[in-house]
Amino acid sequence: MPRSSLTAVVRPAAAADVSSIATICSTAYRDAYRELLPPGYIDRSVTAFYNEDRVAAEITAVPPEWFGYQVVERDGRVLGAAGGGMTGRISGELSLVYLEAAERGRGLGTMLLDRVTDQIRRAGGTEVWVSVFLGDQPGIGFYRARGFEPVETVRAALSRVDDHIRSLRMRCSL
């Protein structure tokens, strides 16, 4: 029987979590987009966003632009990470939510999303935005099920003109 999220807790990340966060995010990113995105784009993204030096530099919150990494753990083991911050007076951005593959579908992603959403709300946000790659049906479905609606498509972060990689921008009112 799968373990429930009832024994899991979400907390701000600490320096001791850097390696776990980098590994979880890198592995989940590669797994999620292996069939959707070109390998070169995946490598660029993982190298840019989820290397240990960058994760270490972003552990500490710099509100309101960045609330620091948030992690979900069970029995002292980090199982996933999320992060976000304010992008405007009333707008927040969920930058990432990634889990270990074996932990998906147990409510942990929703716990992380709720934590970042609460941070945005407490900072005065009335809406949360997220970017999801076009074609990422599981990701789009996850956010739609939690009240996010598609708004527009944009060129994805780190996408080169010749990559033609697009993201769907989705918004949820708080």
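The model is predicted, so local features need pLDDT of at least 70, side-chain atom pairs count only at pLDDT 80 or more, and totals for chains, interfaces and linings use all residues. Residues are numbered from 1 along each chain as its sequence is written, and side-chain values use heavy atoms, with hydrogens and water left out.

Let's begin with the sheet. It is open and mixed, with 7 strands in the order S1-S2-S3-S4-S5-S7-S6 (strands are DSSP E runs of at least two residues, helices H or I runs of at least four, numbered from the N terminus; two strands pair if DSSP finds at least two bridges between them). Strands S1 (9–12) and S6 (149–155) each have a single partner strand, so one side of each is left without a neighbour in the sheet. Within it, S4 (residues 91–99) and S5 (residues 127–133) are parallel over 3 bridges, and Glu-93 stands opposite Trp-129 in S5.

Helix H5 (residues 137–144) lies across S4, S5, S6 and S7 (166–173), at about 165 degrees to S5 (axes are lines fitted to C-alpha atoms, for helices over the stretch in contact, and angles run from 0 to 180 degrees between N-to-C directions; contact means heavy atoms within 4.5 Å).

Now for the charged pairs: there are 13 salt bridges (a side-chain nitrogen of Lys or Arg within 4 Å of a carboxyl oxygen of Asp or Glu).

| Pair | N to O distance |
|---|---|
| Arg-11 and Glu-73 | 3.1 Å |
| Arg-54 and Glu-58 | 2.9 Å |
| Arg-144 and Glu-149 | 3.4 Å |

Arg-11 lies in S1 and Glu-73 in S2, so their bridge ties together parts 62 residues apart in sequence. Arg-11, Asp-17 and Glu-73 are linked in a network of salt bridges.
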